[in-house]
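Here is a short report on one protein chain. It covers helices, salt bridges and aromatic rings.

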Amino acid sequence: MDQLKNLKNKKKRSYKRTNLTRTTSQTLTEKEQTDKEEERIRKELEEKERIRKELEEKERIRKQQEEEEERIRKQKEEEERIRKQQEEEEERIRKQKEEEERIRKQEEEEERIRKQKEEEERIRKQQQQQEEERIRKQKEEEERIRKQEEEERIRKQKEEEERIRKQQQQKEEERIRKQKEEERIRKEEEERIRKQKEEEERIKKQEEERIKKEKEEEEIIKKQQQQEEKMQKELEKDEHKENTNENDTENPNQNVEKITLQAPPSPRVLPPPPKNLPPPPVNPKLQKEEEKIQEKKEKVINYDEKPHLRFETEEEESLDDVYIWKEPNDSESNILLADKSEIKAANLNKLIEKLTSQQNYGVTLDTFLMTYQSFTTPKKLLTKLIQRYHVPKTQNENEDEYAKRKKVIQIKVINVCTKWIENHFSDFTEKILKELHEFIDQTLAQDDKLIAKKLRDTVIKKQKGIDKKKIIHESENIPEPKVPKNIFNSSLSLLDVDEEEIARQLTLVEFDIFSQIKPSELLNQAWSKPKLRHRAKNVLAMIQRFNDLSGWVSTTIINCDKLKHRVRVLTRFLKILEFCRQLNNFNAVMALLAGFNSSAIYRLKFTWGEIPRRQIEVFDQLEKEMSSDSSYKGYREALKGVNPPCIPYLGVHLTDLTFIEDGNPDFIGNLINFSKRLQISKVIRNIQQYQQKGYELQPVHQIQQLLIKFKNLGETETYDKSLKIEPRNADIEDIQ
């Protein structure tokens with residue numbers, strides 16, 4: 001449009017500049033041409049404007065499309081963001097629910113622990129006065145025993161020194177005696193040779209005399225034979241003459257008596273005794289009694305000799321037994337209460353009755369199942385539980401009351417059976433399992449098929465080994481073992497292995513034994529009684545392991561003839577001791593300390609004098625911690641302060657059990673002393689808490705094989721070698 005206006009202005013100016021003399025026709029022609037030109041330009045401009053608008057419209061449409069695409073893209077991103085937010089929200093809600101569930105379970109567990117602690121606190125308070133008195137007496141007894149042990153140790157040490165001195169003196173005397181004996185033997189040998197020569201000379205003479213006599217006898221015999229022959233000839237001549245005379249006599253038929261020589265009569269031989277004689281008559285009654293006695297001898301059960309267990313067979317055990325529902329009501333003849341809610345002593349029927357009743361009476365299921373084998377057998381317990389399950393109806397009891405009471409008792413009995421199977425399945429022999437299956441299939445299945453199935457599945461799982469006791473392993477970050485380069489070499493020795501790795505593998509070997517100890521092994525001091533040792537194989541294995549480990553320490557050090565080698569080996573053992581303490585392996589710590597304090601190692605003053613100061617400080621600290629003073633007070637405090645995994649020093653806990661067993665009677669009158677079993681169960685439970693969590697360490701088979709079997713020297717041999725490598729009153733220059 002602007003171009004058109006400019007063009008018009010140009011035309012106006014051109015009109016003014018034109019010559020006025022132009023003609024009108026020329027003016028008209030130019031105007032037409034100008035109009036045409038203007039029309040053409042106008043059309044061109046319109047066409048350009050149209051094209052521009054089309055382009056603008058296309059550009060606008062393109063931008064709209066791009067904006068629409070951008071809007072759609074943003075919408076999709078928004079939808080994706082919203083979807084992710086929803087997923088995050090769902091995940092947050094799921095985690096929140098899991099956290100709430102975990103908190104709920106934790107609260108339930110805390111509530112259970114709190115109730116359990118309250119129960120234990122209640123029991124503790126009820127027994128506090130008696131316990132304090134017992135502890136006081138026990139402390140006095142321990143102090144007395146400690147003093148006696150100290151005096152005994154000093155006395156034994158003096159006796160040992162005196163014995164060693166006497167041994168040396170005896171050895172010297174023996175050496176002199178041997179010299180004298182050798183001299184005596186030499187003289188005796190010379191005397192024997194002299195006598196032998198004389199004897200030979202005498203025998204030679206005797207032989208010559210014998211030969212001479214034989215010749216003389218032969219000569220005599222020869223002369224006798226000649227005389228006999230001569231006499232025989234004369235007899236023959238006489239016979240011949242007599243025969244000739246007989247023929248010439250008047251009585252030819254007359255008999256003439258002949259002289260004949262007769263042999264002397266043979267001695268009388270007695271006839272042999274008659275064979276296949278019938279046996280003497282036997283009284284059939286006596287024979288049957290002897291057979292019964294023999295059968296009983298073959299069936300004797302190897303129980304500790306206690307009044308309640310002195311029966312020969314399980315059948316005889318039940319002869320004098322009372323059916324559980326015929327047990328009289330509570331009285332001093334069958335139950336004694338420490339207070340209204342705790343049993344002090346009772347017979348077996350009353351213990352099972354209170355265990356399966358609504359009120360607890362202080363008879364906790366764990367305590368009962370842990371200690372019942374100290375006063376009865378598994379077979380009898382199962383029999384009593386089956387009797388208890390069959391609840392009879394009492395007089396003046398309506399159907400609703402009877403059904404409710406019956407249900408409660410039966411559920412309690414099933415709970416006892418379930419716990420018994422889950423935690424003490426090794427108590428069940430094939431005979432007892434058969435009886436249990438009969439009870440489940442014939443009785444329990446008729447009352448409640450679901451409960452019967454659950455109980456049967458529990459038994460089957462335990463039989464197949466599916467539900468074995470599992471040791472908890474929480475961490476996944478197991479440290480890499482420190483394996484030597486020659487691990488697969490047959491010449492591998494413990495001197496090639498790092499001290500920390502030895503402590504780790506030693507701990508794994510000991511925990512494998514410790515974790516298998518069952519509660520029944522800790523009852524009736526089975527580990528110390530020959531008749532019951534078969535019950536405590538894992539406890540005895542731990543004791544043997546302790547002795548082998550302490551013997552290994554002393555033997556390995558003593559076998560080093562040179563001082564520098566002994567110092568190096570002893571330093572390694574002290575480092576192993578420190579690592580064992582870091583692993584909370586108190587049993588190995590005590591065994592190593594016992595090896596260091598043996599008379600053969602303790603006296604090596606030159607070897608101990610070369611040990612680094614830091615190792616000596618660690619040794620002194622651990623020796624103080626594991627000291628037996630005040631009934632192992634340092635060890636008990638250290639044990640309370642550690643978290644599993646841990647291997648306690650078993651000797652202390654066995655001593656506690658011995659004090660309880662010896663200081664409390666098994667029976668109060670004819671009743672089972674259950675308060676004693678409560679004390680025993682506390683000690684056993686204290687041991688069991690360290691069996692649950694295992695060590696997060698990787699076993700190395702080659703190293704463990706070196707730590708399982710030790711070739712140890714005897715105490716006398718070890719001490720003799722100790723005197724040889726570091727003699728008494730020797731100087732450092734005399735020691736290699």
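## Terms and model

Helices (H or I, at least four residues) and strands (E, at least two) are DSSP runs, numbered from the N terminus. This is a predicted model: local features need pLDDT of at least 70, side-chain atom pairs count only at pLDDT 80 or more, and totals for chains, interfaces and linings use all residues. Residues are numbered from 1 along each chain as its sequence is written, and side-chain values use heavy atoms, with hydrogens and water left out.

## Overall make-up

The chain contains 23 helices and 4 strands. It has 736 residues, of which 32% count as buried. Buried means under 20% relative accessible area, exposed over 50%, and partly exposed in between (1.4 Å probe, protein chains only).

Contact means heavy atoms within 4.5 Å. Take the contacts between residues at least 6 apart in sequence: 71% of them join residues at least 24 apart.

## Salt bridges within helices

Side chains of opposite charge can pair when their charged atoms come close. The cut-off here is a side-chain nitrogen of Lys or Arg within 4 Å of a carboxyl oxygen of Asp or Glu. The structure has 58 such salt bridges.

In helix H3 (residues 128-248), arginine 136 and glutamate 133 are 3 residues apart, so about one helical turn separates them. Their side chains form a salt bridge, 2.5 Å from N to O. Arginine 136 is partly exposed because its relative accessibility is 38%. Glutamate 133, at 34%, is also partly exposed.

Helix H2 (residues 24-126) holds glutamate 118 and arginine 114, 4 residues apart, about one turn of the helix. These two side chains meet in a salt bridge of 2.2 Å, N to O. Glutamate 118 has 42% relative accessibility and so counts as partly exposed. Arginine 114 is partly exposed at 35%.

## A bridge between H20 and H21

Glutamate 661 and lysine 676 form a salt bridge, with their closest N and O atoms 3.0 Å apart. This pair links distant parts of the chain: glutamate 661 lies in helix H20 (residues 650-663) and lysine 676 in helix H21 (residues 674-688), 15 residues apart. Are the two partners buried or exposed? Glutamate 661 is buried, at 10% relative accessible area. Lysine 676 is buried too, at 1%.

The axes of H20 and H21 come within 10 Å and cross at roughly 175 degrees. H20 is therefore roughly antiparallel to H21. Axes are lines fitted to C-alpha atoms, for helices over the stretch in contact, with angles from 0 to 180 degrees between N-to-C directions. Angles under 35 degrees count as roughly parallel, over 145 as roughly antiparallel, 65 to 115 as roughly perpendicular and the rest as oblique.

## Salt-bridge network

Salt bridges also link Lys482, Asp498, Glu500, Glu501 and Arg504 in a network.

## Aromatic rings

Rings of Phe, Tyr and Trp (its six-membered ring) pair if their centres lie within 6.5 Å; planes under 30 degrees apart count as stacked, over 60 as edge-to-face and the rest as tilted. By this rule there are 16 aromatic pairs. One joins phenylalanine 368 and tyrosine 372: the ring centres are 6.4 Å apart and the planes at 15 degrees, so the pair is stacked. Phenylalanine 368 counts as buried because its relative accessibility is 0%. Tyrosine 372 is buried at 1%.

Phe368 and Tyr372 belong to one aromatic cluster that also includes Phe375, Trp420, Phe425 and Phe428.
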